[in-house]
Amino acid sequence: MFAVALALVSQISVNAAPVSNQTQTQQSQLEQNKNSLKEARDKKEEIEASIEKLDNQIEDYMMKIEENKKSIKSTENDVSTTKKQITKVEEDVKSQQDVLDQRVRAMYISGQSSYLKILLESESFSDLITRAEAVRKVISMENKVIGDLEEKKAGVESKKASLEVKYND
């Protein structure tokens, strides 16, 4: 009876051993599967984080594009306004230049001595002072007109240069 019990126990032990190896193999496979699943989840999270980061970058770029479009539109409006201003100032300058040219022509025809002639034709000392003051005012006005004309021409050139810089940017 003891022999039968011993035979039974050894048979159970022999049968248990293959089951134990099979269980270990399955557990090992299960661990590998768990690790693979964890790696896949980690990779998925990395990819999702990367996608979110790229989405944020795209959104930032879209906002910058919109800002640039607004800036371009504003610059185009400024360019248009400045061109209109330049055209008007150039017309004013041309008109003033024509008046100045006519004045210079008249002075040339009448001669440079016209101011001196006006002073010398004075009938009295007070008349001389009055005429001298009038000549001084005329010369002052002419100088002011010339100065204004030069200033406007410089302003036009400055605006053109500014417009060129804006347009090239």
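Modeller: The mean pLDDT of the protein chain is 83, and 86% of its residues reach 70 or more; pLDDT is the predictor's confidence in each residue, from 0 to 100. Over residues 13-17 the pLDDT is below 50, and beyond near neighbours in sequence this stretch has zero contacts in the model, a contact being heavy atoms within 4.5 Å. Where pLDDT is low, the predicted coordinates should not be read in detail.

This is a predicted model, in which local features need pLDDT of at least 70 and side-chain atom pairs count only at pLDDT 80 or more, while totals for chains, interfaces and linings use all residues. Residues are numbered from 1 along each chain as its sequence is written, and side-chain values use heavy atoms, with hydrogens and water left out.

Helices are DSSP runs (H or I, at least four residues), numbered from the N terminus. Helix α3 covers residues 125-168, and its end C-alpha atoms are 64 Å apart, which agrees with the 64 Å that its 44 residues should span at 1.5 Å a residue; the expected span is 1.5 Å times one less than the number of residues.

The buried residues of α3 are Asp-127, Val-135, Glu-142, Leu-149, Val-156 and Leu-163. Buried means under 20% relative accessible area, exposed over 50%, and partly exposed in between (1.4 Å probe, protein chains only). Lys-153 is 59 residues from Lys-94 in sequence, yet their C-alpha atoms are 9.7 Å apart in space. Lys-94 is found in helix α1 and is exposed, because its relative accessible area is 52%.

Key:
Helices (H or I, at least four residues) and strands (E, at least two) are DSSP runs, numbered from the N terminus.
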